[in-house]
Amino acid sequence: MTLIKRQLTEAEFLKLDFQGIELQRRPSPEALWVVDEERQLLCVQLISTTYAMREGYYWYLLLLEKRQFIFMVDAFSAKTKDEQREIEAVLDNNIAVQDIATAKALAVEAIHVLTNEKLLFVDKAFYSSM
C-alpha cells in the first residue's frame with residue numbers, strides 16, 4: 001500500500017474512464033498523479049477554470065478500481081497547525097453513503113502525498129464545476 005507521486009504512462013492513461021468529466025477538465029498523463037498500484041488507486045487535480053482558481057477552489061479526481069470520487073478543496077481555508085498545513089475539503093454530493101468513509105480516508109492519504117497538506121473534511125456546500 002505505497003502511494004507514490006508520478007506521471008502516468010500513455011498506456012495507463014488510455015485505460016482510464018473519466019465518467020462524465022468534461023474533456024477540458026481532464027488532466028494529462030504528464031500531470032502529477034498519486035498512484036497505488038496494489039489498491040488500484042489514482043488521484044489527480046482536475047483542470048480548473050480561471051474563475052474557480054481565483055475563488056480558491058480546486059477539484060480532485062480519486063479513482064479506486066472502477067469507482068470515481070470527486071472532492072473540492074478550498075485553498076483559502078489553509079491554516080498551519082503544529083507546522084502542518086491543513087486545508088478544508090468537501091466530497092461531491094453524489095457519493096454513495098457506504099463509500100463516504102473510504103473516499104475521505106483515501107483522499108486524505110493522496111493529498112498528503114501530492115501536496116503535503118492535511119485534508120479536513122467539513123460540512124459546507126460542494127460547488128460543482130463540472
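Tutor: Start with K124, which counts as partly exposed because its relative accessibility is 34%. Buried means under 20% relative accessible area, exposed means over 50%, and partly exposed lies in between (1.4 Å probe, protein chains only). This is a predicted model: local features need pLDDT of at least 70, side-chain atom pairs count only at pLDDT 80 or more, and totals for chains, interfaces and linings use all residues. Residues are numbered from 1 along each chain as its sequence is written, and side-chain values use heavy atoms, with hydrogens and water left out.

Student: Which residue meets K124 in a salt bridge?

Tutor: Side chains of opposite charge can pair when their charged atoms come close. The rule here asks for a side-chain nitrogen of Lys or Arg within 4 Å of a carboxyl oxygen of Asp or Glu. K124 meets E88 at 2.8 Å, N to O. E88 sits in strand β6 (residues 84-91) and K124 in the segment after β7 (118-121), so this pair ties together parts 36 residues apart in sequence. Helices (H or I, at least four residues) and strands (E, at least two) are DSSP runs, numbered from the N terminus.

Student: Is E88 buried or exposed?

Tutor: E88 is buried, since its relative accessible area is 19%. E88 also forms a salt bridge with K79, where the closest N and O atoms are 3.9 Å apart. K79 is partly exposed, at 49% relative accessibility.

Student: How many salt bridges does the rule give?

Tutor: The count comes to 10 salt bridges. One of them joins D36 to R39, with the closest N and O atoms 2.7 Å apart. D36 counts as buried, at 1% relative accessibility. R39 counts as buried too, at 17%.

Student: Now the strands. How many bridges join β4 to β5?

Tutor: In a regular strand the side chains alternate between the two faces of the sheet. Two strands pair if DSSP finds at least two bridges between them. β4 and β5 (residues 67-81) run antiparallel, joined by 8 bridges. Y60 stands opposite F71 of β5. The hairpin of β4 and β5 has 2 residues between the strands, and E65 there takes a positive phi near 55°.

Student: Which strand pairs with β4 over 5 bridges?

Tutor: That is β3, again in the antiparallel sense. V44 has L61 of β4 as its bridge partner.

Student: Why is β4 largely enclosed by the rest of the structure?

Tutor: Count its buried residues. In β4 (residues 57-64), 7 of the 8 residues are buried, so the strand is largely enclosed.

Student: Next, the cores. Which residues of the largest nonpolar core touch the most other members?

Tutor: In soluble globular proteins, nonpolar side chains tend to be buried together. A nonpolar core is a set of buried Ala, Val, Leu, Ile, Met, Phe, Trp, Tyr and Cys residues joined through side-chain atoms within 4.5 Å. The largest one has 21 residues, and C43, Y60, L62, F71, V73 and L119 touch the most other members. β3, β4, β5, β6 and α3 (100-115) each supply at least two of its residues. α3 gives the most, with 6 residues. A second, separate core of 19 residues includes I21, W59, L61 and M72.

Student: Where is I111?

Tutor: I111 is in helix α3. I111 counts as buried, at 1% relative accessibility.

Student: Last, the pockets. Which residues lie nearest the centre of the largest pocket?

Tutor: On a 1 Å grid over the protein atoms alone, where a 1.4 Å probe fits, a pocket is an open set of points with protein on both sides within 12 Å along at least five of seven lines; lining residues have an atom within 4 Å of a point. The largest pocket is lined by 16 residues, with K15, L16, Q40, L42 and E65 nearest its centre. β2 (33-36) and β3 (41-45) are the elements that give two or more residues to this lining.

Student: Which residues lie nearest the centre of the second largest pocket?

Tutor: They are Q68, F69, I70, D92 and N94, among 15 lining residues.
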